[in-house]
Amino acid sequence: MDKGERNVPRLLKEFDFEVERGKIAEFAIATGAQDIDLFMSKEAANKAGYPDVPVPLTFGIVPEMWKGLDFEDIIAELNLTLTRVLHGSQSYTYHKPIFAGDHLFGKTFLVGEKQRKGLSIYSFETVFFNDKEELLLECKSVVIERGEGR
């Protein structure tokens with residue numbers, strides 16, 4: 001499909017993800033999370049007033065990377081040139097807390113596409129719901145393709 005022919009917003013992928021304590025602990029260690037004990041055991045989480053181990057604030061990238069639309073799929077779907085692609089930004093908005101044992105249902109959308117100064121800028125949004133269809137988390141990201149000679 002030609003870059004100018006796309007309709008947005010457009011659903012790109014639906015997936016589900018089971019939040020595991022081990023993944024939370026690995027992510028907390030890898031990102032140097034504060035209060036690391038909170039992310040390492042249910043007992044520590046309970047002492048802090050949580051029903052189970054909570055996820056660190058940027059944990060939304062984990063289900064996206066494990067089950068969501070991967071970078072190669074984005075390149076192919078949008079017909080981009082890999083050597084000219086940059087990650088522009090990433091943000092997370094939590095609507096409800098997420099804990100170990102939660103089952104997430106994700107949907108990734110292409111929500112924006114624009115041309116600016118020789119750059120193609122693509123905006124994505126992944127929304128996560130629980131089994132009660134409550135919105136838990138919104139992850140927004142931007143991918144940029146530099147034009148030739150940039």
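The legends below describe several views of one predicted model.

Residues are numbered from 1 along each chain as its sequence is written, and side-chain values rest on heavy atoms, with hydrogens and water left out. Because the model is predicted, local features need pLDDT of at least 70 and side-chain atom pairs count only at pLDDT 80 or more, while totals for chains, interfaces and linings use all residues.

**View 1. The chain as a whole, with five helices and five strands.** Helices (H or I, at least four residues) and strands (E, at least two) are DSSP runs numbered from the N terminus, and along the sequence they follow the pattern β-α-α-α-α-α-β-β-β-β. The C-alpha atoms fill a box of roughly 55 × 30 × 20 Å, taken along the principal axes. Of the 150 residues, 39% count as buried, where buried means under 20% relative accessible area, exposed over 50% and partly exposed in between, with a 1.4 Å probe and protein chains only.

**View 2. The open sheet of five strands, in the order 1-3-4-5-2.** The pairing is antiparallel, and two strands are said to pair if DSSP finds at least two bridges between them. Strand 1 (10-18) and strand 2 (85-94) stand at the edges with a single partner strand each, so one side of each is left without a neighbour in the sheet. From one strand to the next the twist averages 20°, an angle taken between N-to-C directions, on a scale from 0 to 180 degrees, of axes fitted as lines to C-alpha atoms.

**View 3. The pairing of strand 4 with strand 5.** Strand 4 (residues 119-129) and strand 5 (residues 135-146) run in the antiparallel sense and are joined over 11 bridges. Within this pairing, Phe124 stands opposite Ser141 in strand 5.

**View 4. Phe59, in the loop between helix 3 (42-47) and helix 4 (61-67).** Phe59 counts as buried because its relative accessibility is 2%. Leaving aside its neighbours within four places in sequence, Phe59 is in contact (heavy atoms within 4.5 Å) with Phe17, Val19, Lys23, Ile24, Phe27 and Tyr94. The C-alpha atoms of Phe59 and Ala100, which lie 41 residues apart along the chain, are separated by 12 Å.

**View 5. Glu72, in helix 5 (residues 71-78).** Glu72 has a relative accessibility of 57% and therefore counts as exposed. Between Glu72 and Leu82, which are 10 residues apart in sequence, the distance in space is 8.6 Å from C-alpha to C-alpha.
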